[in-house]
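Notebook open, structure on the screen. I'll jot down what I look up as I go.

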Amino acid sequence: KSLERLGTDYIDLLQIHWPDRYTGGLFGQPDFSPKNMEKDDSTSFEEQLSALNDVVRAGKVRYVGVSNETPFGVCSMVELAKHSPDLYPRIVSIQNSYSFLTKRE
């Protein structure tokens, strides 16, 4: 119904925003540490990409991307898609904030 309300058959780019898990290092937070991922019981990368793959395979979405994602998250998703392209779509865009106020040297 959402696509019908938009008057289209598909969406060109669907980006997921603000991961519901530990991200660290964004917007002035302390640097990201993979060790902190062990404590995190949020939605796995596999589950997220699998759901996105469902809408891509259904023809509702052409491409998927991420926003406000960590380098760890991006690399994890890229590796999953690289090793299992039939199961997981490849992310094609990254939209992260860039601000002189939170820039690190």
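In which loop is Asn-68 found? I find Asn-68 in the loop between β2 (61-67) and α3; helices (H or I, at least four residues) and strands (E, at least two) are DSSP runs, numbered from the N terminus.

Before going on, I note that this is a predicted model, where local features need pLDDT of at least 70, side-chain atom pairs count only at pLDDT 80 or more, and totals for chains, interfaces and linings use all residues. Residues are numbered from 1 along each chain as its sequence is written, and side-chain values use heavy atoms, with hydrogens and water left out.

Back to Asn-68: its phi is near 55°, a positive value in a residue other than glycine.

Next I checked Ser-67, which sits in strand β2. Ser-67 is buried too, with 4% relative accessibility. Neighbours within four places in sequence aside, Ser-67 is in contact (heavy atoms within 4.5 Å) with Gln-15, Ile-16, His-17, Trp-18, Pro-19, Gln-95 and Asn-96.

Then the helices. The axes of α2 (residues 45-57) and α3 (residues 71-83) come within 10 Å and cross at roughly 60°; axes are lines fitted to C-alpha atoms, for helices over the stretch in contact, with angles from 0 to 180 degrees between N-to-C directions. On the α2 side I see Phe-45, Glu-46, Gln-48 and Leu-49 making the contact, and on the α3 side Phe-72, Gly-73, Ser-76, Met-77 and Leu-80.

Notes
Buried means under 20% relative accessible area, exposed over 50%, partly exposed in between (1.4 Å probe, protein chains only).
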